[in-house]
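Dear colleague,

Please find the structure below, handed over for your records. My notes on it follow directly after.

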Amino acid sequence: MGHFTIAGRQIATHHMVLGVLAAYGLGVKAAIPKKDKTQAPPINASSAEEGEFVQQFLKAFEAEEKKEKH
């Protein structure tokens with residue numbers, strides 16, 4: 001096993017490799033854009049009345065879901 005001397009300490013080569021791979025993985029994770037999960041999908045209603053009905057239904061469902069949690 002090889003060793004490198006860094007700042008007066010002996011560091012094993014396999015630890016160096018693990019550190020490089022971890023830094024690379026964190027860099028890739030940081031570069032990937034995060035998706036906003038709070039945005040709801042658009043409502044494709046055939047009429048304004050249908051769109052309003054769907055919105056009212058979703059509001060009632062969310063209110064009922066909050067009641068069940070508490």
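Ala40 sits in the loop that links helix 1 (13–31) to helix 2 (48–69); helices (H or I, at least four residues) and strands (E, at least two) are DSSP runs, numbered from the N terminus. Ala40 is classed as exposed because its relative accessibility is 57%. The classes are defined as follows: buried is under 20% relative accessible area, exposed is over 50%, and partly exposed lies in between (1.4 Å probe, protein chains only). Between the C-alpha atoms of Ala40 and Gly27, which are 13 residues apart along the chain, the separation is 29 Å.

Please note that this is a predicted model, in which local features need pLDDT of at least 70 and side-chain atom pairs count only at pLDDT 80 or more, whereas totals for chains, interfaces and linings use all residues. Residues are numbered from 1 along each chain as its sequence is written, and side-chain values use heavy atoms, with hydrogens and water left out.

As to the overall fold, the chain holds 2 helices and 2 strands, and the order from the N terminus is β-β-α-α. The C-alpha trace extends over about 75 × 35 × 20 Å along its principal axes. Of the 70 residues, 3% are buried. The accessible surface amounts to about 7000 Å², and carbon and sulfur atoms account for 61% of that surface; areas come from the Shrake-Rupley method with a 1.4 Å probe, and for residues only the protein chains shown count as cover.

In the loop between the strands, Ala7 is placed between strand 1 (3–6) and strand 2 (9–12). Ala7 is not a glycine, yet has a positive phi of about 55 degrees. With a relative accessible area of 79%, Ala7 is exposed.

Helix 1 contains Gly27, which is partly exposed because its relative accessibility is 38%.

Lys35 is one of them, and counts as exposed at 78% relative accessibility. From Lys35 to Phe4 the C-alpha distance is 41 Å, at 31 residues apart in sequence. Thr38 also has its place in this loop and is exposed, at 71% relative accessibility. Thr38 and Glu62 are 13 Å apart, C-alpha to C-alpha, and 24 residues apart in sequence.

Two surface patches were found. Patches are made of residues with over 30% relative accessible area and no salt bridge, like charges being joined within 9 Å and nonpolar side chains (Val, Leu, Ile, Met, Phe, Trp, Tyr) within 5 Å. A salt bridge is a side-chain nitrogen of Lys or Arg within 4 Å of a carboxyl oxygen of Asp or Glu.

The nonpolar patch, of about 510 Å², consists of Ile43, Phe53, Phe57, Leu58 and Phe61. Ile43 lies in the loop between helix 1 and helix 2 and is partly exposed at 38% relative accessibility.

The negative patch is made up of Glu62, Glu64, Glu65 and Glu68. Glu64 belongs to helix 2 and, at 48% relative accessibility, is partly exposed.

Finally, the chain carries 9 positive and 8 negative charges, whose mean positions lie 19 Å apart. Lys and Arg count as positive and Asp and Glu as negative, while His and the chain ends are not counted. The place of a charge is NZ of Lys, CZ of Arg, CG of Asp or CD of Glu.

With kind regards
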